[in-house]
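Biologist: Could you walk me through reading surface and buried positions in a model like this one?
Modeller: Gladly; let's open it up.

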Amino acid sequence: DLESENSPGKLKYLWLSALRMVGLAGAMFALVAILFVGPITHSLHIDAPLPFILLIISIPIRLLVAINRGVVQGLERFWAYTFSNSAEGITKVGVGILLVYSGYRLIGATGAVLAASVVAFLSLVPSLWPLTKVESIPFARRQLLRFSFFTLAITLVITLFLNIDVIVAKAVLDGDAAGHYAAASTVAKIIPYIVSAVVSAMLPRIAQLVTKGEQHIGVLREAMILTGSVGALIYLLYLLVPTEILGILYGSLYLDAAPLLATLGGAMLIYAISNVFMTYFLSTKDIRVLWSLGISTLGLFVLISLYHSSAEQLAFALLLSSGL
């Protein structure tokens, strides 16, 4: 069906209906979160609500960005996909530095996240503009929606897995320790972020090969080699020069987080390799990956509920769960 003459019209229908559905869900979530901003910020020891509100406002926009990137990714327009990611990162860093050094501190940092989300959305418009000129062709989406719920479940579990330790650190550790943990966690996540381009290119390619009934194991093998080699190279830097890396990215205030990079970087390297397999299963519609993710995330919850008195314990819990 992807190669039929009606596919552009069907793709437009899918794209616009997804924007409406996901945009509405994101807006409702943001509204509820803002209504409960007081209890949420209090539980996370956040003094000012405005930075939290800025982040919440960015969520509906980021959901729309995800839809647009999914369409671009499915069309295999990887230059547009890469440009969007790059524009987002440059905006986040550039606007963040400008606002923070202008005296806005946390409000500036979270405002940069919101600005980066807007830029990410706008940067995809030129690649998607040709779709607006074709006639939308409705089609039955029942099977697609069923698979979307499965994908949503995986995405939610992954989001929990990658962020729950930082949230717990913010809730149970003192301010300095929580800040150091968050800094080390952010740097460690550079590994899966850098290699995400490999996964993004692999997913539509394997899905296409599966649809055609052709062999696809070679694509998986190439993705594994690229992800493993690039991720291992970055992790080696974390082992050899962790202090220097933190000093360049954060300055002298977060150098005490250097010992955490070995553990958290190892966890993210394992996750990045695992993510290749998870994406492979997604592209072949194999739901067994959900059980693996669920067990690993449950293991992480159990470990951090038992061991959370220090940043080192939280990092080790994430490493064990990634290995699981």
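Biologist: Is Y250 buried, partly exposed or exposed?
Modeller: Buried means under 20% relative accessible area, exposed over 50%, and partly exposed in between (1.4 Å probe, protein chains only). Y250 is partly exposed, because its relative accessible area is 31%. Before we go on, this is a predicted model: local features need pLDDT of at least 70, side-chain atom pairs count only at pLDDT 80 or more, and totals for chains, interfaces and linings use all residues. Residues are numbered from 1 along each chain as its sequence is written, and side-chain values use heavy atoms, leaving out hydrogens and water.

Biologist: Which helix holds Y250?
Modeller: Helices are DSSP runs (H or I, at least four residues), numbered from the N terminus. Y250 sits in α10, and G251, with a positive phi near 90°, follows that helix.

Biologist: Which residues of α10 are buried?
Modeller: P242, I245 and L246 are. They lie on the same side of α10, because they cover an arc of only 95° around the axis, taken from the directions from the helix axis to the C-beta atoms. Their cover includes α7 (175–188), α9 (217–240) and α11 (258–283), where contact means heavy atoms within 4.5 Å.

Biologist: And what about W129: where does it lie?
Modeller: W129 is in the loop between α5 (125–128) and α6 (142–172). With 48% relative accessibility, W129 counts as partly exposed. Between W129 and T243 there are 45 Å in space, C-alpha to C-alpha, and they are 114 residues apart in sequence.

Key:
Helices (H or I, at least four residues) and strands (E, at least two) are DSSP runs, numbered from the N terminus.
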